[in-house]
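Entries follow in the order I made them.

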There are 2 protein chains.
Amino acid sequence: MRFPTAALALPLVLGSLVPVVACAAPAVPPRTAARTTSEVMAAAQPSEWRRLDPENTLYLELATGRVVFELAPEFAPNHVANIKALAREKYFDGLAILRSQDNYVVQWGDPDGEDAAQRRPIAHAARTLPAEFHRAIDSALPFTPLPDGDVYAPLVGFSGGFPIARDPGSGKTWLTHCYAMLGSGRGDTADSGGGTELYVVIGHAPRHLDKNVTLVGRAVSGMKLLSTLPRGSGALGFYEKREQYVPVVSVRVAADLPPAERTELELLRTDTPAFAALVEARRHRREEWFLDPVGKVELCNVPLPVRAVAPR
Amino acid sequence: MRFPTAALALPLVLGSLVPVVACAAPAVPPRTAARTTSEVMAAAQPSEWRRLDPENTLYLELATGRVVFELAPEFAPNHVANIKALAREKYFDGLAILRSQDNYVVQWGDPDGEDAAQRRPIAHAARTLPAEFHRAIDSALPFTPLPDGDVYAPLVGFSGGFPIARDPGSGKTWLTHCYAMLGSGRGDTADSGGGTELYVVIGHAPRHLDKNVTLVGRAVSGMKLLSTLPRGSGALGFYEKREQYVPVVSVRVAADLPPAERTELELLRTDTPAFAALVEARRHRREEWFLDPVGKVELCNVPLPVRAVAPR
């Protein structure tokens, strides 16, 4: 079997990690030396992982399974609160995935959302909100910068597990449109979104959308349930017939489910030595397969490790 | 309906283009002014399009339809010649897609490729070839540079319709791993590939593979047939059971099919004013939906327009 890359792609969900012994490496490589991804992950300490907070986790339930999202209240507090409120009044249940555009986004919402007479009513949550395209840089906000630059922003890196950008000149920071990011669709005006229609990036990072639409979180499990959906044949990948819609069984805040029904996941903290070593591993690719490692890594090519854990 | 982006995503295959009239734009915008993607495409002249060369076009036939690839003999002459030779001796017919890794690649080849006794014999073509990871920069090779930099390479842009990078320091140029690029898998040594196993990028551009593996072309139609395949549950997205393999009906050089059976496509030339205007349109996003256009574009976010045309 010939690979475009051997034994190096990190699965989104790491099950049991088997330590890799590299023959040419010292028995106990120093923490700061360049190691392979597998070596770095095998050496990560329990304290370098964090559990998802159920109050900050959203489940999109489809007939094919569950997509798990971590929400980003540090970046979009009002949208996150509203999406949770929408979920709690069961607004999304029975709505549908309406759009699947190749190399771009999958989007769900109300098929009748444009018809004020027919659309799903909202009891308590808001239908629209002011935009949360960016926020102020704050020293209390964690930031792990990347060293290799970015086409779109002055600085990029990670904060609380999310890919972000910063512009020290304007004092702004914002979430970035990497694969699996979750956003809140809007119309032509900034305040026309609010979380009733949500999209997920399923292709090459559409970074031109950064600061133009409110991102609210990131899928941490189940992406393949979205990325493999049939593409819509209409403009922008919208499904053209109702029978093509993919039903949304429900959207729930994880905290509202009994613990036994939750998906228990741990994420590698992005403010740890293990994550710093992972970034170096991705820059320098010590795996045997790589013959000419580039020594650089771009924001959306840094994996954000996730693993299943036993329920609490 | 709320969009993460309205009326701006260019479909891979443009059918009939409807000119868009922007109310605020002059009646006849100058060629160099920033326009929307739709405006640019509507203004492209017939001479700015080129037909696929049937001798340089590969068809991957699946039960679900055809994926069309343009080959890149300027960058990988020996691999391209060998893949055509393999196709012409029907080497690929009845083999299978063996791998579908989310946000990474789909790959096809011989399920028994590692078993010298069982593997598909090759009559005339080569099984392996010296690597063609890069080539010398040559003034005869067209190059349309992009202005906004790149994380991985000193210079990036387009050549003959392909995304490429250049390093003036080393004098090398190479194809880049953007979405839909076609590559020739290999083992751990540089010359262990040759085109018997081919992969296609289905996710965020894995640019760390550049110069580590031989790219040979790009899918110009039918990507959704690959990108929506069920993901493999094995390591690296390999299918774990033979019944999960997706049969390759055949791989053919377009020139070997009767004209009536070919997929006639035109691609926008990347050395034209229309393409330069398209790049500007993607950088500055004059569509009403965009509230804060970034003014930059990254290599793999530049669309390469393709349209169906009548047979010759």
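**Entry 1: a threonine in chain A**

I began with Thr57(A). Thr57(A) is buried, because its relative accessible area is 2% and the cut-off for buried is under 20%. I noted that this is a predicted model.

I then looked up where Thr57(A) sits. Thr57(A) belongs to strand E3 of chain A, which covers residues 57-62.

What does the side chain of Thr57(A) reach? I found the backbone oxygen of Asp53(A), at 2.7 Å.

I listed the contacts next, leaving aside neighbours within four places in sequence.

**Entry 2: a leucine in chain B**

I moved to Leu265(B). Leu265(B) lies in strand E17 of chain B, residues 265-268. Is Leu265(B) buried or exposed? Leu265(B) is buried, with a relative accessible area of 3%.

I checked which residues Leu265(B) touches, not counting those up to four places away in sequence. I wrote down Arg50(B), Arg51(B) and Leu52(B). Val68(B), Val220(B) and Ser221(B) are on the list too.

The C-alpha atoms of Leu265(B) and Arg231(B) are separated by 29 Å. Along the chain, Leu265(B) and Arg231(B) are 34 residues apart.

**Entry 3: disulfides**

How many disulfides does the structure hold? I got two over all chains.

In chain A, Cys178(A) and Cys300(A) form a disulfide. Their sulfur atoms are 2.0 Å apart. The link of Cys178(A) and Cys300(A) is left-handed, with -70° about the S-S bond. This pair links distant parts of the chain, 122 residues apart. Cys178(A) is in the loop between strand E11 (172-175) and strand E12 (181-184) of chain A. Cys300(A) is in the loop between helix H4 (273-284) and strand E18 (306-308) of chain A. I checked burial for both. Cys178(A) is buried at 5% relative accessible area, and Cys300(A) is buried at 10%.

In chain B, a disulfide joins Cys178(B) to Cys300(B), S to S 2.0 Å. Why is the disulfide of Cys178(B) and Cys300(B) left-handed? The torsion about its S-S bond is about -75°, so the disulfide is left-handed. Cys178(B) sits in the loop between strand E11 and strand E12 of chain B. Cys300(B) sits in the loop between helix H4 and strand E18 of chain B. Cys178(B) and Cys300(B) are 122 residues apart. Cys178(B) counts as buried at 5% relative accessibility. Cys300(B) is buried too, with a relative accessible area of 10%.

**Entry 4: positive phi**

Most residues other than glycine have a negative phi.

Ala180(A) has a positive phi of about 80° although it is not a glycine. I placed Ala180(A) in the loop between E11 and E12 of chain A. Cys178(A) is in the loop between strand E11 and strand E12 of chain A as well. Ala180(A) counts as buried, at 5% relative accessibility.

Leu236(B) has a positive phi of about 60° and is not a glycine. Where is Leu236(B) found? I located Leu236(B) in the loop between helix H3 (223-227) and strand E15 (246-247) of chain B. Leu236(B) counts as buried, because its relative accessibility is 14% and the cut-off is under 20%.

**Entry 5: where the chains meet**

I finished with the two chains together. I found 70 residues of chain A in contact with 70 residues of chain B. Chain A and chain B bury about 6,100 Å² between them. Of that area, 55% is on carbon and sulfur atoms.

I then counted polar links. Between chain A and chain B there are 25 residue pairs in polar contact, both residues at pLDDT 80 or more. Which elements give two or more residues to the side of chain A that touches chain B? They are strand E5 (96-100), strand E6 (105-109) and helix H3 (223-227) of chain A. H3(A) gives the largest share, three residues. By class, this side of chain A has 33 nonpolar, 19 polar and 18 charged residues.

Last, the salt bridges. The count between chain A and chain B is two. In one of them, Asp292(B) pairs with Lys211(A), the closest N and O atoms being 3.8 Å apart.

Notes. Residues numbered from 1 in each chain as written. Chains lettered and ligands numbered in written order. Heavy atoms only, no water. Contact = heavy atoms within 4.5 Å. Buried area = accessible area lost by both parts, 1.4 Å probe. Salt bridge = Lys/Arg side-chain N within 4 Å of Asp/Glu carboxyl O. Polar contact = N/O pair within 3.5 Å; in protein donor to acceptor, adjacent residues only side chain to side chain. Helix = DSSP H or I, 4+ residues; strand = E, 2+ residues; numbered from the N terminus. Nonpolar A, V, L, I, M, F, W, Y, C, P; charged D, E, K, R; others polar. Buried < 20%, exposed > 50% of the residue type's maximum accessible area, 1.4 Å probe, protein only. Disulfide = S-S within 2.5 Å.
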